[in-house]
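Please read it alongside the model.

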Amino acid sequence: MKPLVAAVAVLVTLATVAPQLLRLRIRFFKWLHWTWAARVLEEHFATWVVFARFVLAGLAIVLFLFGVASAL
């Protein structure tokens, strides 16, 4: 049960820093000279952040429910 709690905490933390991680990804694409990929991420930045937070929050909820179910 403790690893699941840790996994939920990590996912929630990642959801809060999603914009910084996306900016890092944009810089990495620019470093690779993949300007098309960086441009797509920059043009739809807010949508990507919401999507990343939604996915991470969904994973955290699933892990939390799995942990509760396994504790019963």
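At what angle do α2 and α4 pack, and how far apart are their axes?

1. The model is predicted: local features need pLDDT of at least 70, side-chain atom pairs count only at pLDDT 80 or more, and totals for chains, interfaces and linings use all residues. Residues are numbered from 1 along each chain as its sequence is written, and side-chain values use heavy atoms, with hydrogens and water left out.

2. α2 and α4 pack at an angle of about 125°, and their axes are 9 Å apart. α2 is therefore oblique to α4. (Axes are lines fitted to C-alpha atoms, for helices over the stretch in contact, and angles run from 0 to 180 degrees between N-to-C directions; under 35 degrees counts as roughly parallel, over 145 as roughly antiparallel, 65 to 115 as roughly perpendicular, and the rest as oblique.) The contact (heavy atoms within 4.5 Å) involves Ala18, Pro19, Leu22, Arg23 and Ile26 of α2 with Phe45, Trp48, Val49, Ala52 and Arg53 of α4.

3. Helices here are DSSP runs of H or I with at least four residues, numbered from the N terminus. Helix α2 comprises 14 residues (18-31), and at 1.5 Å a residue it should span 20 Å; its end C-alpha atoms are 20 Å apart, in agreement. The expected span is 1.5 Å times one less than the number of residues.

4. Which residues of α2 are buried? They are Ala18, Pro19, Leu22, Ile26 and Phe29. These cover an arc of only 100° around the axis, which places them on the same side of α2. (Buried means under 20% relative accessible area, exposed over 50%, and partly exposed in between, with a 1.4 Å probe and protein chains only; the arc is that of the directions from the helix axis to the C-beta atoms.) Arg27 and Trp31, on the other side of α2, are exposed. The buried residues of α2 pack against α1 (2-16), α3 (35-43) and α4 (45-71).

5. Just after α2, His33 adopts a positive phi of about 65°.

6. α1 and α4 pack at an angle of about 165°, with axes 9 Å apart; the two helices are therefore roughly antiparallel to each other. Residues making the contact include Leu4, Val8 and Leu11 of α1, and Leu56, Leu63 and Phe66 of α4.

7. In α3, Ala37, Ala38 and Leu41 are the buried residues. Viewed down the axis of α3, they fall within an arc of 100°, so they line one face of the helix. Thr35, Trp36 and Glu43 are exposed on the other side of α3. The cover over the buried residues of α3 includes α2 and α4.
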